[in-house]
Amino acid sequence: MVSRDGTELVGESWPNNGPVITLLHAGVADRRSWIFLVPDFEKFASVHAYDRRGFGESLTTNEPFTHLEDLLAVLDHLHIASTWLVGSSAGGKLALEAALEAPHRKDGVVLISPAVGGAPQTRDEDVDPETEEIDGLITRADELGDNDEVNRLEVRLWLDGPREPEGRVSGAVRELVIDMNATALANFVAENADNPVDAWSRLGELLIPTTVACGNLDATHIIRRSEVVGARIRGANCVFLEGVAHLPYLENPSPIGALIRDSILRARPTRKIPD
């Protein structure tokens, strides 16, 4: 638990030797979304995951804050000098901000369908009609104050994928995402950054090992944005994942775990990572 401006950021650590991995969750999730990857990672790395302010068990406050400042405070609290950042969606946005603003503290980044600060507004022609329709329904439900309906539609969009049937991903995984997003919807508070990081225009500055991954069932504009991010970051490894949408580590965790392990292995060729 890390004290921050009248609240506490809650997380978990699995210490070990080897590289350090810090997991940054999506905006419809919390640290529980990484549960299927941790057993593999903790075999060869020191792993850390926390709930950002307003997600999971980390409560909101009325104090001005930024997620970047919170992340750096978590790393300071854990005495982490440098770390791999694995960021999903909004967590990818945070990973990029940290990599640009505190590059000496980052060993590398793995970005899964990342949001990007400063990205231009998505053009209408880049949005598939299914995503446009669901977004319209979400806006209407939000205006009516129907958080349950917003939750259902957001899980439909991000877990199933906009062009796939609702309920494509079912069982415990769906129940988990519904529960995580319900908390996020109830507690969300916007950060207050005087000078937000324009990562979009600075992607060429990144000089650390980078992997960008995106599921082929994700929204079309997310896929295209991931392609651009991978192209703009020098030496980035860009991977497109078959049969999964925006949260692939929940749908099919083994390939995502292997992808992250391989990214670290390529950057640390002298370190043998156990199977």
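This is a predicted model: local features need pLDDT of at least 70, side-chain atom pairs count only at pLDDT 80 or more; totals for chains, interfaces and linings use all residues.

**A strand and its neighbours**

Val-20 belongs to strand β4, residues 20-24. Strand β5 covers residues 46-50, and the two strands run parallel, joined by four bridges. β4 also pairs with strand β6, residues 83-88, again in the parallel sense and over four bridges. If you want a residue to look for there, Leu-23 has Val-86 in β6 as its bridge partner.

Now, which way do the side chains of β4 point? Val-20, Thr-22 and Leu-24 go one way, Ile-21 and Leu-23 go the other. With five of the five residues buried, β4 is largely enclosed by the rest of the structure.

Okay, on to the helices. α2 is residues 67-77 and α3 is residues 90-101, and they pack at an angle of about 70 degrees with their axes 10 Å apart. So that makes α2 roughly perpendicular to α3.

Who's touching whom? From α2 you've got His-67, Leu-68 and Leu-71, and they meet Leu-94, Glu-97, Ala-98 and Glu-101 in α3. Sort the residues of that contact by type and you get four nonpolar, one polar and two charged.

That's my bit, happy to take questions.

Conventions. Residues are numbered from 1 along each chain as its sequence is written. Side-chain values use heavy atoms; hydrogens and water are left out. Axes are lines fitted to C-alpha atoms, for helices over the stretch in contact, and angles run from 0 to 180 degrees between N-to-C directions. Angles under 35 degrees count as roughly parallel, over 145 as roughly antiparallel, 65 to 115 as roughly perpendicular and the rest as oblique. Contact means heavy atoms within 4.5 Å. Ala, Val, Leu, Ile, Met, Phe, Trp, Tyr, Cys and Pro count as nonpolar, Asp, Glu, Lys and Arg as charged, and the others, Gly among them, as polar. Buried means under 20% relative accessible area, exposed over 50%, partly exposed in between (1.4 Å probe, protein chains only). Two strands pair if DSSP finds at least two bridges between them.
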